[in-house]
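Me: Hi! I'm new to this one and would like a quick tour. Can we start with the pockets?

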Amino acid sequence: MSRQKLLFISSRPLYPIIGGDQIRTVQQLNFLTNKFDVDVLFLFQDNSEKMKNKEFHGVKNVFCYRISKIQSIIQTLRFIINNLPLQVNYYYNRKVAHLVDSIITNYDCVFCNNIRTAEYVRKKKNIIKYLDFVDAISMNYDKARHEAKGMKKLIYEIDYRRCRTYEQKCLDAFDSCAVISDIDNQYIISCQK
């Protein structure tokens, strides 16, 4: 019996591991390669962070997209014409979206490692979708907007509302969602309408 195929989408390279969020993501990837035939798609900004297939044990194919910092900043400006959170705009690239659109029918399911990557598949039908929120970004921004001053306060205020709404949309759109702690989980759930 053949295993199901899964597309794993990450908003940044998984190696070298330089933070706790990467440890969590790599552990998730390792777990999923035991259950699925996995392809990985990741975004990166620094040329030195290119990764080779050999660093992904059990992964079939790796798609990597370099998006320059300038490109990401320009992408973020789309917040003026849409209601997506700033960081979703920052990581949403049309070339990557086109790639996902062209290969998505090859997979039974997709795993997004945070809300930054959710927009690539949020509206897709006929595929099982998993999302790891990691944490409740809206909760972090809710705290930050009360402590920040000036322009930062305005940015946090705007993005707090956008993240809160977007997290709810993701809860509705994805078949299964995970979050790092009960506190984050309770916060996300408490915002449901």
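Me: Which residues lie nearest the centre of the largest pocket?
Reply: Asp21, Asn113, Asn114, Arg116 and Val134 do, out of 16 lining residues. A pocket here is an open set of points on a 1 Å grid over the protein atoms alone, where a 1.4 Å probe fits, with protein on both sides within 12 Å along at least five of seven lines; lining residues have an atom within 4 Å of a point.

Me: Which elements give two or more residues to that lining?
Reply: Those are helix 1 (20-35) and helix 5. Helix 1 gives the most, with three residues. Helices (H or I, at least four residues) and strands (E, at least two) are DSSP runs, numbered from the N terminus.

Me: Before I go on, what sort of model is this?
Reply: This is a predicted model: local features need pLDDT of at least 70, side-chain atom pairs count only at pLDDT 80 or more, and totals for chains, interfaces and linings use all residues. Residues are numbered from 1 along each chain as its sequence is written, and side-chain values use heavy atoms, with hydrogens and water left out.

Me: Thanks! What about the second largest pocket, how much space lies in it?
Reply: About 200 Å³, where a volume is the space filled by probe spheres set on the grid points, which are joined across faces, edges and corners. It has 14 lining residues, and Ser11, Arg12, Pro13, Gln45 and Tyr91 are the closest to its centre. Strand 2 (37-44) and helix 3 each give two or more residues to this lining.

Me: New topic: what is the strand order in the sheet?
Reply: The order is 3-2-1-4-5-6 in an open sheet of six strands, with parallel pairing. Two strands pair if DSSP finds at least two bridges between them.

Me: Why is one side of strand 3 and of strand 6 left without a neighbour?
Reply: Strand 3 (59-66) and strand 6 (176-178) stand at the edges and each has a single partner strand, so one side of each has no neighbour in the sheet.

Me: And how many bridges join strand 4 and strand 5?
Reply: Four, in the parallel sense. For one of the partners, phenylalanine 111 is bridged to tyrosine 130 in strand 5.

Me: Last one: which residues of helix 6 are buried?
Reply: In helix 6 (residues 137-147), they are Ile137, Ser138, Met139, Tyr141, Asp142, Ala144 and Arg145. Buried means under 20% relative accessible area (1.4 Å probe, protein chains only). Their cover includes helix 3 (86-91), helix 5 (115-118), helix 7 (150-173) and helix 8 (182-190).

Key: Buried < 20%, exposed > 50% of the residue type's maximum accessible area, 1.4 Å probe, protein only. Contact = heavy atoms within 4.5 Å.
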